[in-house]
Amino acid sequence: MVLSKKDHLVGLDIGSSSIKVAELQISRNKKILKKFGMEPLIPGAIVEGRIMDMEAVAKTIRTLFRSQKIRKKDVAISTGGHSVVIKTINTVKMPEKDLQESIVAEAEQYIPYDIEDVNIDYQILGESQFSPDQMNVLLVAVKKDLVAEYMDLTANAGLNAKIIDVDTFALQNIYETVPGQDPDDITLLLDVGASKTSLNILKESTSMMMRDNDSGTHQIVEQICSRFETDVQEAEKILQDPEENAPDPEVVAQILDDVANIWCSEICEVINTFQSNTNDTRVTKVVLSGGGSYIPGFADKLTSELSAKVVTISPFAGLHLNEKKFSAAFTSRVGPRAPIALGLALRRVDDK
Ligand SMILES: Nc1ncnc2c1ncn2[C@@H]1O[C@H](COP(=O)(O)OP(=O)(O)OP(=O)(O)O)[C@@H](O)[C@H]1O
Ligand SMILES: [Mg+2]
């Protein structure tokens, strides 16, 4: 099939605990949700963003496309974590074509990997606040072996990866479609996934700070496994419904409380660094996503530690959808885990 320039890609979020897929139909004034689904992965198939069991992951993707009846093959995928480096750098003002030539030499000093081993991408953000002769450039470097791994995976699943995006950018893209935002807010987009956490502090649509760390619901699952001597699948069941499945729900409540405290103090540390680097700019709103947002008490702890509004993302709020197909109960249940796939589904074939 020949793709028209306006064709949007299928968004495929390859998480370490589950795969999510989304398809949108986008016209000038409407974004219609056509498909959304999730499929769990077997534990250990993806570890720290690296694919350990290619066949299992490819099979899960094929199952998901079949169950959702998605026929399109062109997808946008994303990566995050250690193999991706995102930095805002300062450089002398120059036209885009000159930057294209000098970016590799420029990037070398900021990337902790051999420059030969990474793909570099960049975006000019605008004039530096420190000097009119300088400009800010967003630099993104992704390890080539990681890109090759994900290209192999999508090919194995019978798909073509047209765009490899970054999780944090996909999340920001869908967040910007959600109505009712206050332009005065300084917003922290916080995704606590199964194996990693990403933080992105935004002033309107400009990112002021991005960080990734290794925290995630895996910390809870590991503790449940060791306290109750269960495997990961059983521990996941206990986590999702302790009253029903835990030998002792109070032990689970204590684990959740301990881990939520750890997450909170890590987040506060990032925010404190941000405040001291930006003349005390305060984060006024936190938008939570990822499986971590289901943890009882976590949002309340953040509210009191940060004195900010804390909300869970509603990534479907800016989309048109058929309520018979996607009920309010469904979108609110899956909402926290859906944004990256939806953000990827906003991407077009001819995007950079
Ligand atoms: N109802 C629930 N209550 C508590 N925890 C839940 C619930 N549903 C899911 N989780 C947790 O959320 C995790 C999945 O979160 P998410 O979908 O954000 O992870 P992921 O995107 O696959 O991981 P990552 O992005 O870190 O690779 C599950 O592994 C589980 O531990
Ligand atoms: Mg995720």
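The structure is a predicted model, in which local features need pLDDT of at least 70 and side-chain atom pairs count only at pLDDT 80 or more, whereas totals for chains, interfaces and linings use all residues. Residues are numbered from 1 along each chain as its sequence is written, chains are lettered from A and ligands numbered from 1 in the order in which they are written, and side-chain values use heavy atoms, with hydrogens and water left out.

The protein chain contains 11 helices and 15 strands, where helices (H or I, at least four residues) and strands (E, at least two) are DSSP runs numbered from the N terminus. Its C-alpha atoms fill a box of roughly 65 × 55 × 40 Å along the principal axes. The radius of gyration, taken over C-alpha atoms, is 20 Å, which agrees with the value near 20 Å for a compact globule of 352 residues; the globule rule is 2.2 Å times the number of residues to the power 0.38. Of the 352 residues, 47% count as buried (buried, under 20% relative accessible area; exposed, over 50%; partly exposed, in between; 1.4 Å probe, protein chains only).

Ligand 1 is surrounded by 18 residues, the closest being Ser17, Lys20, Ser195, Glu236 and Arg337; a residue is included if one of its heavy atoms lies within 4 Å of the ligand. Oxygen atoms of ligand 1 lie 2.8 Å from a polar backbone atom of serine 17, 3.1 Å from a backbone N or O atom of serine 18 and 2.7 Å from a backbone N or O atom of serine 195. The protein covers 90% of the 660 Å² of accessible area that ligand 1 has on its own (Shrake-Rupley method, 1.4 Å probe). Two or more shell residues come from each of β2 (18-27) and α6 (232-240), and α6 gives the most, with three. At least three shell residues are drawn from each of domain 1 (1-81 + 145-178 + 314-352) and domain 3 (181-312), with bounds from an automatic or database domain assignment.

Positive phi values occur in two non-glycine residues described here, lysine 69, near 55°, and glutamate 204, near 45°. Lysine 69 is placed in the loop between α1 (54-67) and β6 (74-79) and is exposed, with a relative accessible area of 57%. Glutamate 204 is found in the loop between β12 (197-203) and β13 (206-213) and counts as exposed at 59% relative accessibility.

Key: A polar contact is a pair of N or O atoms within 3.5 Å; within protein, one must be able to donate a hydrogen and the other to accept it, and residues adjacent in sequence count only if both atoms are side-chain atoms.
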